Amino acid sequence: MLSCGIVGLPMTGKTTVYNLLTNSGAEVSAFFSGKTTTNTGVADIPDKRVDYLAAVFQPEKTIHAQLEIVDIAGLVRGSSTGAGIGNSFVEDIRHVDALIHVVRAFTDQDIAHADQNIDPMRDVETIDMELLLADLEFVEKRIERINNAKKKTSEQQAELIVLKKIALELEDGKPFYQIDLTAMEQSHLQSYTFLTDKPLILVVNIDENQLIDGNFKGQSDLQKFAADRDIPLLILSAKIEAEIAALEPADQMEFMKDYQISESGVFRLARTVYGLLKLISFFTVGKDEVRAWTIKKGLTASQAAGKIHSDLERGFIRAETVGYDDFIACGSIAKAKDQGLWRLEGRNYPVQDGDIISVRFNV
Ligand SMILES: Nc1nc2c(ncn2[C@@H]2O[C@H](COP(=O)(O)OP(=O)(O)OP(=O)(O)O)[C@@H](O)[C@H]2O)c(=O)[nH]1
Ligand SMILES: [Mg+2]
C-alpha cells in the first residue's frame with residue numbers, strides 16, 4: 001500500500017488531519033506535551049464512482065482505494081543543534097511515498113505557537129530546513145558506518161564518494177531533488193530514500209474567520225511559493241471539518257452549506273495525494289465485492305491483474321473491460337455488451353482510470 005507522512009511544527013493540527021483522514025481517534029492535545037508518539041492508520045480514498053457501483057451491484061463488501069497515513073510529532077526548529085526533544089522520530093516517515101505538510105494559519109490564544117506568532121511562510125521554510133537536516137544526518141550516519149568498516153569493499157568506496165558529494169550539497173542548503181546525480185551515482189543509492197526527494201503537499205490549517213474571509217495573512221506569499229515550485233496547496237479548517245465529521249450525515253450537509261464548503265477538505269486532500277503520486281483506480285465488480293484497486297498510471301492490463309493476484313498476471317488471457325462512463329451510460333454490463341462497449345483487451349492495454357475490469361485467466 002502506498003503511504004503518506006504528515007509533517008509540520010508542533011501544534012499545527014497534524015493529528016487532527018490524521019484523524020479525519022483515517023477516521024480514527026488518536027489523541028490531540030492543546031498543549032505541547034513533548035511526546036513523540038507516531039500514529040499509523042489507513043485512509044479510504046473517497047470516490048463517488050465506488051459508491052455508485054456499490055449501489056448498482058449491492059455487494060456484500062465494498063472496498064475503497066486505500067493509503068497508509070503516518071502522523072509523527074511536530075518537528076522542532078534547530079534540533080540538529082540539540083534543541084528540545086530532537087527530531088529523530090522523523091525517521092518514522094523515511095519510507096513514505098509522499099509528505100503532507102500541515103502549516104498553521106489559525107489564530108487561537110489557547111494554542112501556543114512554536115515560534116510565538118503566526119507566519120505560515122516562515123514555518124514552511126523552517127520545516128523544509130528540518131527535513132533537509134534530517135537527510136544530512138542520515139547521510140552522515142551512512143558515511144560514518146562505512147568509514148568504521150575495517151575493510152571497505154569497492155562498492156562501499158564508490159558509495160562513500162557519492163554520499164560525500166550529497167552531504168556537501170545538503171550542507172549548502174540544496175534539497176536532494178535538486179542535486180544532479182549521474183545514473184551511476186544513483187545506482188549506489190538504491191536502498192536509500194530522502195525526505196527532500198519526496199512529493200509534497202502543503203495544507204494550510206485556517207480558522208473560522210479566515211474561512212469566512214476567504215483569506216489569511218501571508219496567503220499570497222505562500223501561494224506564489226507553492227506555484228513557483230509546483231507544490232499543491234490546500235486550504236482547510238481541520239477543526240471545523242472535525243466538528244462536521246462528528247455530526248449526523250444530514251446535518252453535515254447543512255453545516256457545510258453554512259460555511260460554503262462544497263467538498264470536505266480531507267476529500268480534496270486524499271484526491272490530491274492520488275494525483276501527486278500519479279495513481280489511478282480501476283474497479284472490479286460483482287455480488288460479493290465492489291472494489292477499487294490502486295495502480296500507477298501507465299500499467300498494462302496484465303500488470304494491473306497482478307495487483308489482484310499473481311496468478312491473474314501469470315495466466316492472463318484477456319481483460320474484459322468497460323470504461324466507468326460507458327457503464328454509467330448503459331446502466332448494466334449486459335447493455336454495455338450489446339452496444340459493443342464491453343471490450344476484450346490484451347495484456348499490453350494501458351489501463352485507464354475508472355476501467356471496470358474482469359480478468360480472464362488460466363493457470
Ligand atoms: N483553533 C484551532 N485549533 C486547532 C485547529 N486544528 C487543531 N487545533 C487544536 O490544536 C491542538 C493541537 O492539535 P493536534 O492535531 O494535536 O496538533 P499536532 O500538530 O498533531 O500537534 P503535535 O503532534 O503535538 O505536534 C488541539 O488542541 C487541536 O484541537 C484549528 O483549525 N483551529
Ligand atoms: Mg500530533
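Biologist: Which residue in β9 does T62 stand opposite?
Modeller: T62 stands opposite V290 in β9. Bear in mind that this is a predicted model.

Biologist: Do β3 and β9 pair in the parallel or the antiparallel sense, and over how many bridges?
Modeller: Parallel, over three bridges. Strand β3 covers residues 61–63, and strand β9 covers residues 289–296.

Biologist: And what about β8 and β9, parallel or antiparallel?
Modeller: Antiparallel, with six bridges between β8 and β9. Strand β8 takes in residues 279–284.

Biologist: Which residue in β9 is opposite L279?
Modeller: L279 has K296 of β9 opposite.

Biologist: What joins β8 to β9?
Modeller: A hairpin, which goes through four residues.

Biologist: Switching to the ligand. How many residues surround ligand 1, and which are the closest?
Modeller: There are 17 residues around ligand 1, and the closest are K14, T15, T16, D108 and N205.

Biologist: Which element gives the largest share of that shell?
Modeller: Helix α1, residues 14–22, which contributes three residues to the shell around ligand 1.

Biologist: How does the shell split by class?
Modeller: Seven residues are nonpolar, seven are polar and three are charged.

Biologist: What does the side chain of D108 do at ligand 1?
Modeller: An N or O atom in the D108 side chain is 2.8 Å from a nitrogen atom of ligand 1.

Biologist: Where do the backbone atoms of M11 and T12 lie relative to ligand 1?
Modeller: A polar backbone atom of M11 is 3.2 Å from an oxygen atom of ligand 1. For T12, a backbone N or O atom lies 3.0 Å from an oxygen atom of the ligand.

Biologist: How much of ligand 1 does the protein bury?
Modeller: Ligand 1 taken alone exposes 650 Å², and the protein buries 88% of that.

Biologist: Which pocket is that space?
Modeller: The space taken by ligand 1 is the second largest pocket.

Terms used: Residues numbered from 1 in each chain as written. Chains lettered and ligands numbered in written order. Predicted model: local features only at pLDDT ≥ 70, side-chain atom pairs only at ≥ 80, totals over all residues. Heavy atoms only, no water. Near = heavy atom within 4 Å. Polar contact = N/O pair within 3.5 Å; in protein donor to acceptor, adjacent residues only side chain to side chain. Areas by Shrake-Rupley, 256 points an atom, 1.4 Å probe, with all protein chains shown as cover. 1 Å grid on protein atoms, 1.4 Å probe; cavity = no way out; pocket = protein on both sides within 12 Å on 5 of 7 lines; lining within 4 Å. Sits in = over half its atoms within 2 Å of the grid points. Helix = DSSP H or I, 4+ residues; strand = E, 2+ residues; numbered from the N terminus. Nonpolar A, V, L, I, M, F, W, Y, C, P; charged D, E, K, R; others polar. Pairing = 2+ DSSP bridges.
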